[in-house]
Amino acid sequence: MNNHSTMNESSLVGFTLLVQMSVGMFLCLGLGQLWADGRVGAETARQLTSPGFLAMLPLLAAALLVSLLHLGTPLNAWRSVANLRSSWLSREILFTLLFTLFAALFAVLHWQAWGAGWLRGLVWWLSAVLGGLAWYAMLRIYLLRTVPGWNTWMTPVMYAISLLLLGGLGAGAAWALNPAARGELLRLPLAAVGFRTLALLAVQAVLAVLRARSSQEPWPLVLHMSLLVFALVIATLLAYQALVFEFSGRNAALSLLACAAFLAALAEQAVGRWLFYRM
């Protein structure tokens with residue numbers, strides 16, 4: 001494989017995973033905001049979720065930067081949205097840009113507590129819809145009849161797993177690192193993240209086994225399965241620690257495991273996505 005092809009694959013892996021992670025984080029943090037609002041009030045809920053929404057913005061900026069590496073002439077990037085009527089690629093870029101703008105607007109409004117609650121809620125819903133459209137457009141790009149290995153039910157399942165898995169773990173890591181999360185406000189969300197991660201990784205393992213039957217390269221598959229097993233172990237420890245943790249304050253082990261689970265899943269997803277493009 002030549003260097004240009006490898007660079008294109010690497011940029012696609014980075015772009016798709018960063019966008020899917022960001023959309024997933026945005027949705028999960030929004031659900032976390034609703035859950036915390038009902039337990040401790042709007043102000044505490046805002047303090048719990050604001051750092052996560054802000055942390056999502058550099059991820060989106062990195063995704064857009066990486067996407068330029070995918071273009072032969074980055075200075076002509078504006079032309080990539082010129083064919084909205086027939087190109088899912090143009091729609092993907094447009095929806096990603098719009099999601100980035102509105103998500104950034106919401107993050108700032110939420111962080112500074114600017115504007116009425118209904119206005120912030122409207123911006124959140126609009127951002128969530130744009131993020132969903134960006135994810136869908138990204139998916140449609142790879143449902144190609146000319147590439148039978150992509151044009152299967154496994155591709156939308158894989159993309160949904162990436163959104164939910166990385167988004168949930170990214171939100172969980174941001175939550176765990178937030179000093180405002182203490183006691184039950186720390187334990188219960190991370191328990192939910194841990195058990196959901198176990199379920200998603202189990203489905204990911206089934207997909208990996210099914211795709212392995214059509215692969216001619218054993219060593220990348222061994223690496224992928226090894227990372228998958230490692231991520232499952234860390235997620236199991238996270239779920240267990242969240243269950244047994246009963247203190248009223250912070251818990252360093254729980255925060256460390258939340259970050260480790262996120263990094264392990266990110267590595268597994270990156271290798272899995274690279275193998276997907278190698279098909």
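1. Let's start with R46, which is buried, with a relative accessible area of 14%. Here "buried" means under 20% relative accessible area, "exposed" means over 50%, and "partly exposed" is in between (1.4 Å probe, protein chains only). Please keep in mind that this is a predicted model, where local features need pLDDT of at least 70, side-chain atom pairs count only at pLDDT 80 or more, and totals for chains, interfaces and linings use all residues. Residues are numbered from 1 along each chain as its sequence is written, and side-chain values use heavy atoms, with hydrogens and water left out.

2. Which residue does R46 pair with? The partner is E43: the two form a salt bridge whose closest N and O atoms are 2.6 Å apart. A salt bridge is a side-chain nitrogen of Lys or Arg within 4 Å of a carboxyl oxygen of Asp or Glu. E43 is partly exposed, at 41% relative accessible area. Both residues sit in helix α2 (residues 42-69), and because they are 3 residues apart, about one helical turn separates them. Helices here are DSSP runs (H or I, at least four residues), as strands are (E, at least two), numbered from the N terminus.

3. By this rule the model has 2 salt bridges. Now look at E184 and R187, which form a salt bridge with their closest N and O atoms 2.9 Å apart. They lie in helix α6 (residues 184-212), 3 residues apart, or about one turn of the helix. E184 is partly exposed, with a relative accessible area of 34%, while R187 is buried, at 15%.

4. How many disulfides are there? The count is 0, a disulfide being a pair of cysteine sulfur atoms within 2.5 Å. C28 is in no disulfide, and its nearest cysteine sulfur, that of C259, is 16 Å away. C259 is in no disulfide either, its nearest cysteine sulfur being that of C28. C28 is buried, with 16% relative accessible area.

5. F195, Y240, L243 and V244 make a nonpolar patch of about 400 Å². Such patches are made of residues with over 30% relative accessible area and no salt bridge, with nonpolar side chains (Val, Leu, Ile, Met, Phe, Trp, Tyr) joined within 5 Å and like charges within 9 Å. Accessible areas come from the Shrake-Rupley method with a 1.4 Å probe, and for residues only the protein chains shown count as cover. Helix α7 (residues 218-244) gives the largest share of the patch, 3 residues. Y240 lies in helix α7 and is exposed, at 52% relative accessible area.
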